[in-house]
Amino acid sequence: MGHCCCKPYNCLQCLDHTNESALVKEKELSIELANIRDEVAFNTAKCEKLQKEKEALELRLEEELRRLGWQQQAELQELRERLQRQFQAESARLQEEHHGQLLRVRCQHQEQVEDITASHEAALLEMENNHTVAITILQDDHDHKVQELISTHELEKKELEENFEKLRLSLQIALAPYQHLEEDMKSLQQVLEMKNQQIHQQEKRIIELEKLAEKNIILEEKIQVLQQQNEDLKARIDQNTVVTRQLSEENANLQEYVEKETQEKKRLSRTNEELLWKLQTGDPTSPIKLSPTSPVYRGSSSGPSSPARVSTTPR
């Protein structure tokens, strides 16, 4: 088609050509608009379908989260109850074992006290027998000495009486030459009285010495008994000290064990709380808690794992 040399809109041929082009373009635009409308309708239907699938998935996810939450809570509750039962059983066992140890120590202590008492009574019986023998020996010795003193006193008295009788007879025979007979008799009587006083004093002295000897023997026996009692008491104190030290060490060990069990229980409680928190959040690294009924879940595609089994084997 050649170029028209006339002015625009003055040539019919140009007008026809322009109208034809406009019609073609309008038809193309109508077709393109229809295609766009079809595509928009298809995309709209597809979006609605995807939205419904999304809502269905969110509902299923909420139900699954609720189910997992309930299941984890039930498992945690069961784990808490099992740990509590094990802790109570272990505590009861430790208390029973400690009570048995105390009973054994008390029985041993009672047996030791009975043995010490029997030994003490045997020692006392032996000391009483020895004391009786010593008293018998001293009594025999005392009787022998008293008998010797009495015999000596009787001999001296007899000699003095004989001398006095001889002197009296001799004064009667030769009374005249002796003018001081009365004074001599008084002197002799004084001598006899002095002798008698000396003998009595010796007897008193012997009695006092015997009393002192008996007191010394009693004091020595008391000293021996006290020394033996002191030794027994020292031995019992040493034994009680050893037993007390052992009980203190056992008590300290039990306290340490109970403290460790308490710390272990606290640690397990913290672990359970962390597990519960992780189960509630659904993400172990997320610091934000989400409700199990939340409609939006932005985590990973896989569900939360079950809590790790905690070893509860007693030490």
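What follows is a chat about salt bridges, surface charge and a few side chains.

Me: Before we dig in, what kind of model is this?

Reply: It's a predicted model.

Me: OK, salt bridges. How many does the structure hold?

Reply: There are 6 salt bridges in the structure.

Me: Let's take Glu90. Which side chain does it meet in a salt bridge?

Reply: Glu90 pairs with Arg93, with an N to O distance of 2.4 Å.

Me: And where do Glu90 and Arg93 lie?

Reply: Both are in helix 1, and they're 3 residues apart, about one turn of the helix.

Me: Is Glu90 buried or exposed?

Reply: Buried: Glu90 has a relative accessible area of 10%, and the cut-off for buried is under 20%.

Me: What about Arg93, how accessible is that one?

Reply: Arg93 comes out at 39% relative accessibility, so it counts as partly exposed.

Me: Moving to helix 2. How far apart are Glu208 and Arg205 along that helix?

Reply: They sit 3 residues apart in helix 2, about one turn.

Me: Which residue does Glu256 form a salt bridge with?

Reply: Lys260, and the closest N and O atoms are 3.5 Å apart.

Me: How accessible are Glu256 and Lys260?

Reply: Glu256 has a relative accessible area of 43%, which makes it partly exposed. Lys260 is partly exposed as well, at 39%.

Me: Switching to the surface. Which residues gather in a patch of negative charge?

Reply: Glu154, Glu156, Glu159, Glu161 and Glu162 make up that surface patch.

Me: Pick Glu161. Where does it lie, and how accessible is it?

Reply: Glu161 is in helix 1, which covers residues 12–173. Its relative accessible area is 47%, so Glu161 is partly exposed.

Me: New topic, Thr281. Where is that found?

Reply: Thr281 is in helix 2, which runs over residues 181–281.

Me: What does the Thr281 side chain reach?

Reply: The backbone oxygen of Lys278, at 3.1 Å.

Me: Is Thr281 buried or exposed?

Reply: Thr281 is buried, with a relative accessible area of 4%.

Me: Last one. What separates the C-alpha atoms of Leu65 and Leu279?

Reply: 9.2 Å, although the two leucines are 214 residues apart along the chain. Leu65 has its place in helix 1, and at 16% relative accessibility Leu65 counts as buried.

Definitions and conventions:
Residues numbered from 1 in each chain as written. Predicted model: local features only at pLDDT ≥ 70, side-chain atom pairs only at ≥ 80, totals over all residues. Heavy atoms only, no water. Patch = residues over 30% accessible without salt bridge, like charges linked within 9 Å, V, L, I, M, F, W, Y side chains within 5 Å. Areas by Shrake-Rupley, 256 points an atom, 1.4 Å probe, with all protein chains shown as cover. Salt bridge = Lys/Arg side-chain N within 4 Å of Asp/Glu carboxyl O. Lys, Arg positive; Asp, Glu negative; His and termini not counted. Charge placed at Lys NZ, Arg CZ, Asp CG, Glu CD. Helix = DSSP H or I, 4+ residues; strand = E, 2+ residues; numbered from the N terminus. Buried < 20%, exposed > 50% of the residue type's maximum accessible area, 1.4 Å probe, protein only. Polar contact = N/O pair within 3.5 Å; in protein donor to acceptor, adjacent residues only side chain to side chain.
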